Amino acid sequence: MSAEEPLFRVVRGVPTAEELAALVGAIIVRSRPTSAPAPATPSTWARSARPASPGGWRTAGLPR
């Protein structure tokens, strides 16, 4: 494919500039490689309810 050759062309009809922009946007989005979303980290509020160590929930009720 040469540098002057278009990547796609309209075969039928006369699209508006907005329609061409929508088409190009859709092609760009579909051609991107998909990546796995980053795992969600629990909020500080949710982490505060968890014991710090295994068995920590047992010792949490004992007097200090």
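A residue counts as exposed when its relative accessible area is over 50%, as buried when that value is under 20%, and as partly exposed in between. In this predicted model, Leu-7 has a relative accessible area of 73% and is therefore exposed. The protein has 64 residues, of which 2% count as buried, and its elements comprise 3 helices and 0 strands.

**Fold and surface**

- Read from the N terminus on, the elements of the protein run α-α-α, with α1 covering residues 17-31 and α3 covering residues 56-59.
- The accessible surface of the protein comes to about 6,500 Å², and carbon and sulfur atoms account for 61% of that area.

**The nonpolar patch**

- A nonpolar surface patch of about 650 Å² is made by Leu-7, Phe-8, Val-10, Leu-20, Leu-23, Val-24, Ile-27 and Ile-28.
- Leu-7, one of the residues that make this patch, lies in the segment before α1.
- Phe-8 is likewise found in the segment before α1, and because its relative accessible area is 36%, which falls between the 20% and 50% limits, Phe-8 is partly exposed.

**Contacts of Phe-8**

- When residues up to four places away in sequence are not counted, Phe-8 touches Leu-23, Val-24 and Ile-27, each of which is also listed among the residues of the nonpolar patch.
- Phe-8 and Val-24 are 16 residues apart in sequence, while their C-alpha atoms are 9.4 Å apart in space.

**Confidence**

- The mean pLDDT of the protein is 79, and 73% of its residues reach 70 or more.
- Confidence is highest in α1, at a mean of 90, and lowest in helix α3, at a mean of 65.
- Where pLDDT is low, the predicted coordinates should not be read in detail.

Key. Residues numbered from 1 in each chain as written. Predicted model: local features only at pLDDT ≥ 70, side-chain atom pairs only at ≥ 80, totals over all residues. Heavy atoms only, no water. Helix = DSSP H or I, 4+ residues; strand = E, 2+ residues; numbered from the N terminus. Buried < 20%, exposed > 50% of the residue type's maximum accessible area, 1.4 Å probe, protein only. Areas by Shrake-Rupley, 256 points an atom, 1.4 Å probe, with all protein chains shown as cover. Patch = residues over 30% accessible without salt bridge, like charges linked within 9 Å, V, L, I, M, F, W, Y side chains within 5 Å. Salt bridge = Lys/Arg side-chain N within 4 Å of Asp/Glu carboxyl O. pLDDT = per-residue confidence, 0-100. Contact = heavy atoms within 4.5 Å.
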